[in-house]
Amino acid sequence: MQRAVLTPMLLSCRTILALITSSCGIYPLTVASLAQAAPPENLAGAIQRSTDRDRRRIPILVLNPGQVFLQNSGNGRINALYPDDDAKPPLTDVLSAFRRELVSCASVQVVAPVTRYTINPDPGPPEEWAAVGRESAARLLFTSLTPAQWAAASSPSGLGLSDLPQKRQKTWFLSLLPKPFVLQENQVSPEGHHSPVTADNGEAHTVTLSPEQVRLRVVRSMEWMYRQGAGTSYIGGAGADNEEAYPRGRRYWTRAYRTEIVEPADSYQERLDEAAFLREPNRLRKGDLLFNTAPLFGKAVTLSGVKTLGELVQRVAQATGVELYADRRLTGLPVMILGNEDSTADAADVMKALCLATTGTIRRVTDPESKESVYLLAGDHAPIMPPRLRLAEWAQEVEALLGTERILFAETARQGGFARGIGLTDEASRLIPPAVMRAAEEKIAAPDRDANDDFVSIPIHTLPPAAQAKVKRDREWHRESLFDGGAKLDKQNVHAWFKVRTELLAPGYGTLPGPELGNLNDLLPRKPRPLMVPKKPAPKPALSAPPITLPPTVMKFAALKVVAKDDAEVKTAAVWAKRHGFAALLVRVSLWEAGVTERIARLVVIGDAHGVKIYPVVSLLRVPPADPAKKDAPPHNLARARNLFGETFREYGIRRGESPALQTPYWAGRFALHREADWLDASDEPVRKATAERLGRLSRATGIAGVVLESIAAPGTTSPVPFWSDGRIAARHTGFTDSLRVAFIRQENLDPLDMPPYTSLDPSINWSSYAEVSPFLGDDPALNDRFRQYPAHRRDASGRWSVPPPGRIDGDTPAARAWSVLAYEQNRSWIGALRREADLPASLPVLVEAPSEPAPYSLSQWTLPWDASEPLLPETMGKERLMHRILRKESTHDTVRSDFGPRLIQQLGTGKEPLYSGLIADLSHIPLRQGLDILSPLTPSAK
């Protein structure tokens, strides 16, 4: 459901000033004077209007000054620095207003952020954060109330601290109150302006309430919106009408927010920044490349003509011979040099300055095979994404706990029928009369109502005159604004959204809003569905499943893929295959099984006896879980593919599978699958050697018609297209080896462990608000745009550096796409090397199952030949691909008829050349006899 969010149009400060002063008849002189005294908009402008910026013996390096803007805390200071247009304050004073400081790095100075922000790897126990917030305390309190207490809370006088006998109830009541509960008196002027009432000393008139002075009431609040067109897009009105609630001359009380006091948050989301980020003074941190020794120290770097950070890092690399890169998302950031631009600086000092300017450090990654190391100017010594994904997992745990709390509160309200006795807020009651509210309740409680639809349609003609007048004003406002986009609004109804919330009653001071509790849609009991007496179906005659004749195209090569417990099951499958026109049996065996060659020899004899060819099916990379008791026996002693946490696929499945956030049947089933097996690391030479040796031995078994390779790519290396993944399982992908990291840094100037996965990650934090002081923490769209626009600096085999222009990169996540391509191509190369080392006979047919992401029923859907002349794993399906039809536990005769009937013929295509040259009916996921029975309607094509 889409909801349009309305925000007022933002006018520039100068436009607002012009409007104000023109209305007073003084705009010509005042606007001109104010315009002359306007402070600079960004750091670049401020530097140009400061003193001594060019008279520096030591050059000053400034990074991206045009995109450094004032923080709220700097507005007062910057205005004081520029009282008139001729003001030229000292550079150090200007930097302080922008939360920057000048730091000396010996032969160069740098303008650096005062504060460094980084991701908090340990926000604290999710249980503690779920308890944070006044909303949580309110829900827990109301869940514990008796019917009598609910009735008191729903009454005009509300519920007080003395009405709560239980200690835990008193604790929750105190927790949902502001601390301290300070009220400020206000007054509406004759002109309609709202302002504080002040005492003789000019201070606002305030009062502090004790908990005993406050009572708690539960009410329904309401807001309505208008539906645009015929879809589900809604747009709001022009805002509340406060003229009736706050007539001119009225005095009233509101919360007084004390800036010097940290008040309790309404919910944990309000403290996400506190949970997500660590703040510390920006100081030079130790990295993997020492600054005070060779090769950096003592090498001169010229600053003349440098324009970007990437160019400056490349000059350091050329001067020192170090294979040094900058994060791709930084390479295009502009660099300003103040002072003598023709001077030189020490390479070590330049890198110190860049580390301070970006709040980053230098990271080393070493390829374990070549032993070569690359260095990267990165956000931290450790990669950024593991703690960010941990933060996402943490937020999912908090939300799961809060969800359980919300569900318990909603069930309590529904079962007790408590939500029916709740009245409307004063503002809502002026718009929704009791009869209209009762009709809305009937709609909400309807048994067939969509539980996900928060809105209730209310006919406009049923509203009182005051409410209809508001509808008219809203429509006029929409016609005059640009927010409706030209779409017509529903003229018959308003669409109301009712919430249940609390109000804090302070006798003598009025009513103040309290924490929200939930949507009325979730709290009203539903009416039972009418009892329907099912009609007895007429008995159907027992009919055998009608036969299905398979097209000749697929019967050129029709095979059954099976898992057989013993030789007897293989014989059963062979007899069935021959009778139904299937020419081959693909039998899954294990490379690591003792006596597998002898077993294959027996299977070939069985196949020959019934005229069916035998193809052993072997898993190259997917293997049983490692067993510490068998660490000396393959495959338990072989390296596993690992994710960016350094976990094997099974370790990740076990850790996340126990998460409270993933205990629904859907997610629990997916992680149960993850725990069943591990994946070998194809980049590891011992893995390839051991696997090739076993594969070569098996391929020489006498009489086999060929060999089928499955599980040829670990998750994350299966496709050149980024695979979308839910944020809850975003770290399941493997392939993050140091070899691949080095290759990716050289190719794209980015560590894949600093790269957001191709998914949406909770919690919803405005990462862009930290981009000014830490360019590594910008939001994902902005970082992706920089990757797309900024160049990669590359060094060829001879050591020469070049800067190829950014090519056209499609997609919203170009970095993720580039990584997927690299991982996929590397895997093709490694599996190709494995086949060559296995020295398979050139005459032996080798079939390859398409790799796929592991998930329930997300399995290989086609198989193709791998010609011996191809040095790499086939990249595309090719012309001789085989259609792969998988039978599952839920398969029936009916699903087989639909899947192997018209649907199969449709997918085969009707062109001159068939899209598939054969069929594999895969029974490997269900018991063999069940699969053969389900397939019994199949018959061979007519000769």
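The largest cavity has a volume of about 300 Å³. Lining this cavity are 23 residues, of which His733, Pro757, Tyr758, Trp819 and Ser820 lie closest to its centre. By residue class, the lining of the largest cavity comprises 14 nonpolar, eight polar and one charged. The structure is a predicted model, and a search of the whole of it finds five cavities of 30 Å³ or more.

| Helix pair | Residues | Axes come within | Crossing angle |
|---|---|---|---|
| H11 and H12 | 309–320 and 347–358 | 10 Å | roughly 150° |
| H13 and H21 | 385–416 and 649–657 | 12 Å | roughly 30° |

The axes of H11 and H12 cross at roughly 150°. Because angles over 145 degrees count as roughly antiparallel, H11 is roughly antiparallel to H12. Their crossing is left-handed. On the H11 side, the contact involves Leu309, Leu312, Val313, Val316 and Thr320, which meet Ala347, Val350, Met351, Leu354 and Thr358 of H12. The residues of this contact divide into eight nonpolar, two polar and no charged.

For H13 and H21, the axes cross at roughly 30°. Angles under 35 degrees count as roughly parallel, and H13 and H21 are therefore roughly parallel to each other. In this pair, Arg390, Glu393, Gln396 and Glu397 of H13 meet Tyr652, Arg655 and Arg656 of H21. The contact of H13 with H21 contains one nonpolar, one polar and five charged residues.

Conventions: Residues numbered from 1 in each chain as written. Predicted model: local features only at pLDDT ≥ 70, side-chain atom pairs only at ≥ 80, totals over all residues. Heavy atoms only, no water. 1 Å grid on protein atoms, 1.4 Å probe; cavity = no way out; pocket = protein on both sides within 12 Å on 5 of 7 lines; lining within 4 Å. Points joined across faces, edges and corners; volume = space filled by probe spheres on them. Nonpolar A, V, L, I, M, F, W, Y, C, P; charged D, E, K, R; others polar. Axes fitted to C-alpha atoms, helices over the stretch in contact; angles between N-to-C directions. Helix = DSSP H or I, 4+ residues; strand = E, 2+ residues; numbered from the N terminus. Parallel < 35°, antiparallel > 145°, perpendicular 65-115°, else oblique. Left-handed = near helix turned anticlockwise from the far one by under 90°. Contact = heavy atoms within 4.5 Å.
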